Amino acid sequence: MKLPISKPGTSVENKTGDWRTFKPDIEVAKCIKCGTCQRFCPEGCMGDEGKVPIVNFDYCKGCGICANECPVKCIKMIPEK
Amino acid sequence: MVEELFVSGHRACAGCGIATSFREVMKAVGKDVIVVNATGCSEIVSSPYPQSAWKVPYIHSLFENVPAVASGVSHALRSMGNDHTQVVCIAGDGATYDIGFGALSGMLERNDDVIYVCYDNEAYMNTGIQRSSATPWKAATTTSQVGSAVKGKPQGKKPILEIAAAHKIPYAASTSVGYPFDVAKKLKKAMGIKGARFILLFASCPTGWGLDTAKSIQATKLIVETGIWKMAEYENGKMTGVFKPGKRKPVEEYIKLQSRFKHLTPEDIAAIQKEVDASWTGLE
């Protein structure tokens with residue numbers, strides 16, 4: 001009998017990037033690699049803490065938390081084309 | 001790099017504070033865990049069949065029985081000789097303060113070996129923003145609307161942390177997703193203790209609060225900085241610590257961010273300020 005069980009971590013199949021109307025635009029030269037954006041991102045789609053953020057646009061919903069929380073204001077939200 | 005155990009692709013609204021909080025909670029507790037999830041936003045957004053955003057064993061049962069399910073899982077593990085796997089309950093304020101309250105009290109009274117994490121976003125959000133007993137005074141929800149006679153919720157918030165602590169469990173603590181290091185620290189501390197542990201985690205809901213998604217985390221910091229929300233610790237029923245935010249900001253800074261409070265008069269805000277000030281007597 002095949003049990004109706006979901007496999008762990010399978011939500012990654014669900015690409016949520018198309019929810020987005022704004023997207024983060026990062027001024028890499030200003031980034032201090034503090035990890036704040038990566039820590040607070042609800043999607044966990046900004047790469048590893050301690051590195052310059054690399055946004056995975058397959059999942060970014062464009063909430064703007066990263067831009068609001070960035071201590072050096074190196075992230076701007078710009079309209080998605 | 002700590003592995004993400006609550007992964008992308010979940011269906012939480014943009015800017016959801018609970019999604020950030022689950023990432024934080026799971027990073028702190030690690031892989032040797034069984035998550036027992038109550039009905040609510042957390043379950044709806046993370047586990048629509050056949051997908052799961054949890055990278056660990058996970059069970060969802062009902063709204064009202066999650067502490068009892070967790071007690072059972074914990075007893076089964078311990079009976080089988082497993083004394084290391086953590087059983088972590090994840091439940092919202094509706095399941096904790098209201099619907100599962102009896103089962104929660106039972107779990108705490110028996111001191112079952114479970115970490116219970118209540119993410120408190122102050123209303124039933126997944127069913128369309130109905131008031132719960134965690135909804136604060138005057139907040140507008142779809143069942144505490146603003147009309148000519150009554151404006152928002154007439155009652156205040158149930159003191160669930162004090163109620164949990166009153167069971168004299170080894171550890172009860174409150175924290176906020178805006179303070180990720182505090183969240184991690186309290187979960188790590190809870191993991192080192194046996195018995196029933198209760199963590200009350202304040203998490204934002206832009207959809208339900210009428211809050212700009214970008215300010216979702218900012219609100220969870222402001223509620224601590226204004227002193228409305230206390231990040232406290234109780235051990236065996238006694239308060240053993242509280243985070244002091246320094247010079248508290250005016251409560252208005254937190255309130256004005258959210259449209260659920262937009263009908264509040266200056267007198268209402270003054271009343272909230274007075275209550276917050278009084279609540280800090282003897283703690284500062």
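Leaving aside neighbours within four places in sequence, Q273(B) is in contact with P250(B) and V251(B), where contact means that the C-beta atoms of two residues, placed from the backbone, lie within 7 Å. This is a predicted model, in which local features need pLDDT of at least 70, side-chain atom pairs count only at pLDDT 80 or more, and totals for chains, interfaces and linings use all residues. Residues are numbered from 1 along each chain as its sequence is written, while chains are lettered from A and ligands numbered from 1 in the order in which they are written.

**Q273(B) and its helix**

- Q273(B) is found in helix α11 (residues 266-279) of chain B; helices (H or I, at least four residues) and strands (E, at least two) are DSSP runs, numbered from the N terminus.
- Q273(B) is partly exposed, with 18 other C-beta atoms within 10 Å.
- For burial, C-beta atoms are placed from the backbone: a residue is buried if 20 or more others lie within 10 Å of its own, exposed if 12 or fewer, and partly exposed in between.
- The C-alpha atom of Q273(B) is separated by 42 Å from that of K31(B), and the two residues are 242 places apart along the chain.

**Two helix pairs in chain B**

- Helix α1 (residues 17-29) and helix α7 (residues 180-191) of chain B have axes that come within 9 Å and cross at roughly 40 degrees.
- That angle makes α1(B) oblique to α7(B).
- Axes are lines fitted to C-alpha atoms, for helices over the stretch in contact, and angles run from 0 to 180 degrees between N-to-C directions.
- Angles under 35 degrees count as roughly parallel, over 145 as roughly antiparallel, 65 to 115 as roughly perpendicular and the rest as oblique.
- In this pair, S21(B), E24(B), V25(B), A28(B) and V29(B) of α1(B) meet P180(B), V183(B), A184(B), L187(B), K188(B) and M191(B) of α7(B).
- Sorted by class, the contact of α1(B) with α7(B) has 8 nonpolar, 1 polar and 2 charged residues.
- Ala, Val, Leu, Ile, Met, Phe, Trp, Tyr, Cys and Pro count as nonpolar, Asp, Glu, Lys and Arg as charged, and the others, Gly among them, as polar.
- For helix α3 (residues 66-79) and helix α5 (residues 101-109) of chain B, the axes come within 7 Å and cross at roughly 35 degrees.
- On the α3(B) side the contact is made by P67(B), A68(B), A70(B) and S71(B), and on the α5(B) side by A103(B), L104(B), G106(B) and M107(B).
- This contact of α3(B) with α5(B) has 6 nonpolar, 2 polar and no charged residues.

**The nonpolar core**

- The largest nonpolar core has 105 residues, and C89(B), V117(B), I199(B) and L201(B) touch the most other members.
- α1(B) gives the most to this core, with 7 residues.
- Such a core is a set of buried Ala, Val, Leu, Ile, Met, Phe, Trp, Tyr and Cys residues joined through C-beta atoms within 7 Å.
- Beyond its neighbours within four places in sequence, V117(B) is in contact with V25(B), V88(B), C89(B), I90(B), I199(B) and L201(B).

**Around helix α9 of chain B**

- In helix α9 (residues 216-225) of chain B, 8 of the 10 residues are buried, so the helix is largely enclosed by the rest of the structure.
- L211(B) lies in the loop between α8 (206-209) and α9 of chain B, and L211(B) is buried, with 20 other C-beta atoms within 10 Å.
- Not counting residues up to four places away in sequence, L211(B) touches S204(B), P206(B), S216(B), A219(B), L257(B) and Q258(B).
- The C-alpha atoms of L211(B) and L257(B) are separated by 6.2 Å, although these residues are 46 apart along the chain.

**Where the chains meet**

- The contact takes 31 residues from chain B and 29 residues from chain A.
- On the side of chain B that touches chain A, α1 and α9 of chain B each supply at least two residues.
- That side of chain B has 14 nonpolar, 12 polar and 5 charged residues.

**Backbone details to look for**

- Most residues other than glycine have a negative phi, and most peptide bonds are trans.
- The peptide bond from Y49(B) to P50(B) is cis, with omega near 5 degrees.
- K73(A) is a residue other than glycine with a positive phi, near 50 degrees, and K73(A) counts as exposed, with 11 C-beta neighbours inside 10 Å.
- K168(B) is not a glycine either, yet has a positive phi of about 60 degrees; with 15 C-beta neighbours inside 10 Å, K168(B) counts as partly exposed.
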